[in-house]
Amino acid sequence: MRRLEVEGLSIRLPRGADREFAIQDVSLHLDSGEILCVVGESGSGKSVTASAVMGLLAPGLSVAGGAMRLSGEDLRAKSPEEWRRLRGRRIAMVFQEPMTALNPLMSVGAQLSEMWRVHLGLDRREAEARALAGLREVKLPDPEGALRAFPHELSGGQRQRVMIAMALALEPEVLICDEPTTALDVTTQAQVLALIKDLQRRHGTAVMFITHDFGVVAEIADRVAVMQHGRVVEQGAARDILTRPEHPYTRALLAAVPGASAPAPRPLSPDAVLEVRGLSKTYATRGLFRRRRPVRALDGVSVTLRRGATLAVVGESGSGKSTLARCVVGLLGADGGEIVIGGAPLPRRRREAARLVQMVFQDPYASLNPRRRAGAQVAQGPIAAGTPPGKAMEEARRLFGLVGLDPEAVSRFPHEFSGGQRQRIGIARALAMQPQVLVADEPVSALDVSVQAQVLALLRDLQARLGLSILFITHDLRVAAQLCDEVAVMRDGAVVETGRIGEVFAAPKHPYTRSLIEAIPGRALLGA
Amino acid sequence: MRALRAYLRSPPALFGSAILFAVLFMAVTAQWFYPNDPLGLAGRPLQWPGANPRFPLGTDPSGRDIAAQLFHGARVSLLIGVVATAIAVLIGIAMGAVAGFYGGGVDTGLMRVTEAFQTLPNFLLLLVLVAVFGSSIETVTIAIGLVSWPPVARLTRAEFLTLRTREFVQACRVQGLPDAHLILREVLPNALPPVIVYASVVMAVAILLESALAFLQLSDPNVPSWGNLIGLGRNVLRTEWYVSAIPGVAILLTILGVSLVGQGLNDALNPRLASGR
């Protein structure tokens, strides 16, 4: 049965935006019991489409034409009050960030039972009984405890399960999931995807699943619609699109998805440029009245980075991989152990350490000062180290060229660059100090897949040309496989497995490594 | 340049600038329009505005020209506002920047000092300072600056606390840049917009504080400030209310102008907002 129909929908952006329409002439349909994945990169209009169907368009956006029907009913004719009654009961939504989608001051049980109390007018006892049943259905461990818990007491995956229970509370005809697993770790992501698929089968719900990740698509989709610049460029059965994409954009997107197989191993230099020995770091978080349990972020971590090679440090959130990166560049002081770079311990003085080790940061939008010119931010390190300003600026221009930017762009401000270009500036800034070790902390995780592939290619190219030694921190095993020679898998502040990346991926020894590799979405279809 | 263009496109900001330019014009041309001492006897006391063509705004209870005092008073009020604000903002930014950037014990120490200043009502503190150090125009200005900095320090500190952990500041640490660079070139420019807006509030309050002192006849009686004029009108408030009302309106308009300019600056100084328009 046809649940949702979108026909020739166009949505106008406010005047002065970079294009006239957010989405243009979009036609989609969704039958009961099927999962439609809407795939696209940022700015493709996939989220706008979802918010239009929910009647939750951001201020300034307006429907310019087309039709939306829910089980045959015209949605465009609905009044705000009719929309309100519709939402939650007949169309429900699961958001990307479960922490901000839940009220932090209300217990999970109260928020969940509100669904039945508001929409169906059930009394408290009955609503709570249903909430408990709902939490059982999404397979939360200890559902009774979760009912009384507050959102911050649950993990990210558990919060997302609560959101799903809430969305499915009133058995909606259509469930819209807007990147529901993007903020989650791979193993949690795999569990949540399996849960959504299982629930959707049992209830026969029609699911519109918005994602940028073709791995997730391969895992969950029945049908796929690919969006680019506000238009649907290709749609069809998932298997067809994944194996025989027709539109060049779909092909480019699929080609950019990093495969989980490592390239052929290359010979590595025997001498180590960076040695971390028995590093430990404990965060003692102090509460207002009580001392909370100290967190061991690093627990005797030892890793070795060979000269001219790339070592991937892989782990889920909370594994201590970012703490390790911050200790290695001297942003955090370790409690014990030692960091040796080029045969000598990491100097405590910032200026001396800067010559040895540099960092590329995760967020291309937060890692550049918005009020200073890009070139100045690249040149300032060498200037502080004693290079004459004129020469440092000349060097900055050369580095801009090296990372694939226009050398004349040094005089622009960061907001005039795209995310991928900003990350290139961050790489140029790190290279300006001519460090022995480059630490890259999730440098591509905030970027779209196609941009991600370009930045990874740039890093690979720079490594070949400059002989860089890179410590590459990532949560994404596919990305690690693209670039790295060796891998160290971290869990709860300790290294559980190390080795050549090809060998570790082909024959993981530790059960945790195995579970990480198995959780990579879309392995079966996209080829592991 | 982009910031300037954004500023020029905002009608309230232009209106505020127009008022401030008018006040500035009065201050600059005072000597030219009214070359005689504005505090000297000019004619019969308490003439209503318009009653005598020689005194378009009338005369005060001592027979001095109100218009002349208004023009010369613009100098004094602007000077007090600007200098006192500069003092308050400089002390406040220095305290707040150091406290917020270093945190820990430094922060605790500096914030206790700030709180000590803040717990005293600032007008009371101002009265004490003026009582101890005298009420010449210089001491009054410095005293106003000294009682106005704590909110600036708290605001700056709050901005620094969030900005110092940003990735771009960490990136500069990794580049080996010294603390002075981090504070002055990286964090401060990003922390300034709210401080600049607040500076306009400080300036408005500084002008008001001086008027309040003058109203109590505790300011420098030898300068023709607007506050002094309001104070002079106090005794005849029910009959010749214009003596207090005319400088009162002048103060009101000046403060409105300062606030509008501050708001306009805030909107214009954010490059992302400016390019989005």
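Two residues count as in contact if their C-beta atoms, placed from the backbone, lie within 7 Å. Keep that in mind and select Ala480(A): apart from its neighbours within four places in sequence, Ala480(A) is in contact with Ala312(A), Val314(A), Phe472(A), Thr474(A), Val487(A) and Ile501(A).

Before moving on, know that this is a predicted model, where local features need pLDDT of at least 70, side-chain atom pairs count only at pLDDT 80 or more, and totals for chains, interfaces and linings use all residues. Residues are numbered from 1 along each chain as its sequence is written, while chains are lettered from A and ligands numbered from 1 in the order in which they are written.

Stop 1: Helices (H or I, at least four residues) and strands (E, at least two) are DSSP runs, numbered from the N terminus.

**Stop 2: two domains of chain A.** Select domain 1 (1–78 + 199–257), then domain 2 (307–333 + 344–526); bounds like these come from an automatic or database domain assignment. Their centres, taken over C-alpha atoms, are 34 Å apart. Where they meet, 15 residues of domain 1 are in contact with ten residues of domain 2. On the domain 1 side, helix 9 (214–220) and helix 11 (248–256) of chain A each supply at least two residues, and helix 9 gives the most, with six.

**Stop 3: a sheet.** Still in chain A, pick out four strands forming an open, antiparallel sheet in the order 2-1-4-5. Strand 2 (21–31) and strand 5 (73–74) stand at the edges with a single partner strand each, so one side of each has no neighbour in the sheet. Strands pair if DSSP finds at least two bridges between them; strand 1 (residues 2–12) and strand 4 (residues 62–70) have seven, in the antiparallel sense. Which residue of strand 4 stands opposite Val6(A)? Click on Met68(A). Next, show helix 1 (residues 46–53), which lies across strand 1, strand 2 and strand 4, running at about 115° to strand 1. That angle is between N-to-C directions, on a scale from 0 to 180 degrees, with axes fitted to C-alpha atoms, for helices over the stretch in contact.

**Stop 4: buried or exposed?** Jump to helix 12 (residues 321–328) of chain A: seven of its eight residues are buried, so this helix is largely enclosed by the rest of the structure. Just after helix 12, Gly330(A) has a positive phi of about 85°. For contrast, go to Pro294(A), in the loop between strand 11 (272–283) and strand 12 (295–306) of chain A. Pro294(A) is exposed, with 11 other C-beta atoms within 10 Å. Its C-alpha atom is 6.5 Å from that of Thr282(A), twelve residues apart along the chain.

**Last stop: chain B meets chain A.** Show both chains: 18 residues of chain B are in contact with 24 residues of chain A. Among the contributors from chain B, helix 7 (167–174), helix 8 (179–215) and helix 11 (271–276) each supply at least two residues. Helix 7 brings the largest share, six residues.

Definitions and conventions: Buried ≥ 20, exposed ≤ 12 C-beta atoms within 10 Å, placed from the backbone.
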